[in-house]
Amino acid sequence: MDKRPWEANIRKVVPYVPGEQPAGDRLVKLNTNENPYGPAPGVRKALREMDAGGFRKYPDPAANALTAALAARYGVGQDQVFVGVGSDDVLGMAFLTFFNGEKPVLFPDITYSFYPVWAELFGIPFKTCELDSSLRIRKGDYGQPNGGIIFPNPNAPTGLLMGLDEVEEILGRNQDVVVIVDEAYIDFGGQSAIPLVSRYENLLVVQTFSKSRSMAGMRIGYAIGHRDLIRALNDVKYSYNSYTMNMPSIILGAEAVKDEAYFQETLGRIVATREKTKGWMRELGFDFPDSQANFLLVSHGQAKAEWLFEQLKKEQIYVRYFKTPRLDNRLRITIGTDEEMEILRKALEKLLQFADVYAG
Ligand SMILES: *Cc1c(COP(=O)(O)O)cnc(C)c1O
């Protein structure tokens, strides 16, 4: 068919592919790093008491209730907090706001696969830096000329954590560009770079309610940094969509931040389950980086990852498989409840008995 004339004006993009969200409640869903415990009790209560009549009005465009709660929690000024519709929204805005140079933005070759998508969408030049053979970020790579830097800490999907001293080393060498640390998984065992924002005006730390606060469905993310960075982000936001945060997100997000005890308790449970899972995974012959996040990136010498992925799905167990170079013989498995991990363990034990036959 001939190309229709208007097609020439359509933006061509290769979109990010999110993990499956299959329907059903009998399945074990370990494929998108959700947190099994759900939001704090205060969030449920506030939701029940919410007055839908209020929805006739626009929400507070500055989401003050939420930025105030986050500022108090992290000991920063309210003008140092930016919020968005999940950290994807915050990160997308940050790419648009801060990465406008001629030089390439640097990020790891194996990392959150949304980074190259935003770079392509916004026409930002970028260069990926190869992880070393044990899948660690090579700090030395981040000394080359660049137009900005972004990396997750811990990195995804490896789960490997960099110490705060190493993060600071990268910052120290890159004071002329904005450095973004994506801390989607920092609460599961790392030390946040938030305390460094008072010393590095070019540092933006991004976090999310989706993983550690178990509110992926609410879509809340935030950035903390120098107020001039936050002002720049807000200028771009108000040039595109003033009301990104809906009323329930603002109210329920603020509520979630107030319950520190519940937050710490559920984090502790996930970390305990993760360490237990590492133990039996090793016994079953799996190999994996020592993750400090709520997932493991595993491979097995006798069983192909893609085969395991397909077989587990037949058992209603969903994990994540990336058919991309260097990742295509690994599975990323979210840490669920002890019960869910036990179902997974039994299924893997059974499958590995047949694995020799299928190994190729
Ligand atoms: C999950 C994730 C995000 C985005 O999460 P949101 O749900 O949009 O807040 C960002 N970065 C990394 C590395 C992630 O794993």
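Predicted model: local features only at pLDDT ≥ 70, side-chain atom pairs only at ≥ 80, totals over all residues.
Residues are numbered from 1 along each chain as its sequence is written, and side-chain values use heavy atoms, with hydrogens and water left out. The ligand sits in the largest pocket, and the protein has two cavities of 30 Å³ or more.

**Ligand shell**

- The ligand is surrounded by Gly 86, Ser 87, Asp 88, Leu 91, Tyr 112, Asp 182, Ala 184, Tyr 185, Thr 208, Ser 210, Lys 211 and Arg 219 (a residue is near a molecule if one of its heavy atoms lies within 4 Å of it).
- By class, the shell holds four nonpolar, four polar and four charged residues; Ala, Val, Leu, Ile, Met, Phe, Trp, Tyr, Cys and Pro count as nonpolar, Asp, Glu, Lys and Arg as charged, and the others, Gly among them, as polar.
- Helix α3 (residues 86-98) gives the most to this shell, with four residues; helices (H or I, at least four residues) and strands (E, at least two) are DSSP runs, numbered from the N terminus.

- A polar side-chain atom of Asp 182 lies 2.7 Å from a nitrogen atom of the ligand (a polar contact is a pair of N or O atoms within 3.5 Å).
- The side chain of Tyr 185 places an N or O atom 2.6 Å from an oxygen atom of the ligand.
- For Thr 208, a polar side-chain atom is 2.5 Å from an oxygen atom of the ligand.
- On its own the ligand has 380 Å² of accessible area, of which the protein covers 93% (Shrake-Rupley method, 1.4 Å probe).

**Largest pocket**

- The pocket that holds the ligand is, on a 1 Å grid over the protein atoms alone, an open set of points with protein on both sides within 12 Å along at least five of seven lines; a molecule sits in it if more than half of its atoms lie within 2 Å of its grid points.
- About 920 Å³ of space lies in this pocket, a volume being the space filled by probe spheres set on the points, which are joined across faces, edges and corners.
- Its lining (residues with an atom within 4 Å of a point) comprises 41 residues, of which Tyr 16, Tyr 112, Ser 113, Arg 320 and Arg 332 lie nearest the centre.
- Two or more lining residues come from each of α3, β3 (105-108) and α4 (114-122), and α3 gives the most, with four.
- The lining has 19 nonpolar, 12 polar and 10 charged residues.

**Largest cavity**

- About 90 Å³ of space lies in the largest cavity, a cavity being a set of points where a 1.4 Å probe fits but cannot get out.
- Among its 14 lining residues, Ala 40, Ser 212, Arg 213, Tyr 262 and Phe 263 are the closest to the centre.
- Helix α8 (residues 260-283) gives the most to this lining, with three residues.
- Seven nonpolar, five polar and two charged residues make up the lining.

**Backbone geometry**

- Most residues other than glycine have a negative phi, and most peptide bonds are trans.
- The peptide bond from Asn 153 to Pro 154 is cis, with omega near -5°, and the one joining Ala 156 and Pro 157 is cis, with omega about 5°.
- Arg 219, a member of the ligand shell, has a positive phi of about 60° and lies in the loop between β7 (203-208) and β8 (221-225).

Note on methods:
Polar contact = N/O pair within 3.5 Å; in protein donor to acceptor, adjacent residues only side chain to side chain.
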